[in-house]
Amino acid sequence: MTMLVNMKEILDDAAKKKYAIPCINTPNEETVRAVIGAAEELGVPIIIDHAQVHDSLIPIERIGPVMLKYAREAKVPVCVHLDHGSDYTFLMRAIRVGFPSIMYDCSALPFEENVRRVKDFVEIAHKLGITVEAELGIMASASPEDTHGDVDPEKRALTNEDIRKFFTDPDEAARFADETGCDALAVCFGTMHGIYLEEPVLDIDRVKALRAKVRTDCNIVMHGASGVPFDQDILAINAGCSKINYYSYM
C-alpha cells in the first residue's frame, strides 16, 4: 500500500487535532531519505518539497521521481509538494511529473492579479485531484539566494519591524480564500525565509484572527520556521497553523 498522499488529507487532520505537519525542502536523494527516515522513526506524516528556486540545482524531472518513489515506499504518510512555484510553465512540469500538491506563489503581484491567477489554476488542479497552496503577504528573505519567490530586492525585510510591513491582512485573507478556492494559504505574521538578523517575534494574535476569518477548510501555513524558537512554533500551531515550512537551518 502506497503512503504517497494528497496534502489536503493530512492537513485537514492536523487542523482538526491541533498539530502541524513539517514541510521540508529535499533538493537531493540524501535529503529525501533523511527527512522521510526521521518521520518514520517518529511515526508522523511529512511533506517533502521541491522549490522552483532549487530547479537550477536539480531539475524537477530528476528529483521529482525520486521523491515520489520514496514517498510510495514510506512507512508513514508522505506528501510530495512543489514549493513556491511562481512560473505557470513550471507548475505544468510539476503536474506532468506527478506532484499531488502544488504551491502557486503570486504574492509579489497585486491582490486582484494574485486572486485571478490562483483561481484559474485551482480550477485546473482540483479536476486532477491536486491540492493547491497560495500565498498572501510577501514572505521576505535575508538574501537573494534564499528568496523563493520573485520578490523585489527592496522588499527583503531583515528586522522584525521591516517584516511587519508585509503582514497578511485577515479580511483580505478571507476574501482571497473564498474567491480562489485554494486549499492552503501561506501567510506572513513575523517570519521570513533564510537566516534571521534578530530573533523573530511572531504575531500570534494575527494568526488567531486569520484562522477565525479564513474558511475552515483552507489550512493556514507558516513559512520561514528556521530560527523560530520552539515555544513560538507551539503558539502558532495552537493558534491555527497546520503546516510549517522549515529548511534553511537544516
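Which residue takes a positive phi just after α5? Gly129 does, with a phi of about 75°. The structure is a predicted model, in which local features need pLDDT of at least 70, side-chain atom pairs count only at pLDDT 80 or more, and totals for chains, interfaces and linings use all residues. Residues are numbered from 1 along each chain as its sequence is written, and side-chain values use heavy atoms, with hydrogens and water left out.

## The whole protein

The protein has nine helices and eight strands. Helices (H or I, at least four residues) and strands (E, at least two) are DSSP runs, numbered from the N terminus. Of the 250 residues in the protein, 57% are buried. Buried means under 20% relative accessible area, exposed means over 50%, and partly exposed lies in between (1.4 Å probe, protein chains only).

The protein exposes about 10,900 Å², and carbon and sulfur atoms supply 53% of this area. Accessible areas come from the Shrake-Rupley method with a 1.4 Å probe; for residues, only the protein chains shown count as cover. A contact means heavy atoms within 4.5 Å. Among contacts in the protein with a separation of 6 or more, 71% are between residues 24 or more positions apart.

## Helix α5

Helix α5 covers residues 111–127, which is 17 residues. From its first C-alpha to its last it reaches 25 Å, close to the 24 Å expected at 1.5 Å a residue. The expected span is 1.5 Å times one less than the number of residues. The buried residues in α5 are Phe111, Asn114, Val115, Val118, Phe121, Val122 and Ala125. Seen down the axis of α5, these buried residues fall within an arc of 150°, so they line one face of the helix. The arc is that of the directions from the helix axis to the C-beta atoms. An α-helix has 3.6 residues a turn, so residues three or four places apart point the same way. The cover over the buried residues of α5 includes α4 (88–97), β4 (101–104), β5 (131–136) and α7 (170–180).

Two strands pair if DSSP finds at least two bridges between them.

| Strands | Bridges | Sense |
|---|---|---|
| β4 and β5 | three bridges | parallel |
| β5 and β6 | four bridges | parallel |
| β6 and β7 | four bridges | parallel |

Met103 stands opposite Glu133 in β5. Glu135 has Ala186 in β6 as its bridge partner, and Ala186 also stands opposite Val221 in β7.

Why is β5 described as largely enclosed by the rest of the structure? Six of the six residues of β5 are buried, so the strand is largely enclosed. From β5, Thr131, Glu133 and Glu135 point one way, while Val132, Ala134 and Leu136 point the other way. Strand β6 (residues 184–187) has Ala184 and Ala186 pointing one way and Leu185 and Val187 the other way, and all are buried. In a regular strand the side chains alternate between the two faces of the sheet.

## Some single residues

Ile102 is in strand β4. At 0% relative accessibility, Ile102 counts as buried.

His84 lies in strand β3 (residues 78–85). His84 counts as buried at 1% relative accessibility. His84 has a positive phi of about 50° although it is not a glycine. Lys18 is not a glycine either, and has a positive phi of about 65°. Lys18 is found in the loop between α1 (7–17) and β1 (21–25).

Asn219 lies in strand β7 (residues 219–222). Is Asn219 buried or exposed? At 1% relative accessibility, Asn219 counts as buried. The side chain of Asn219 has a polar contact of 3.2 Å with that of Asp12 and one of 3.1 Å with that of Ser242. A polar contact is a pair of N or O atoms within 3.5 Å; within protein, one must be able to donate a hydrogen and the other to accept it, and residues adjacent in sequence count only if both atoms are side-chain atoms. Not counting residues up to four places away in sequence, Asn219 touches several residues, among them Leu11, Asp183, Leu185 and Arg211.
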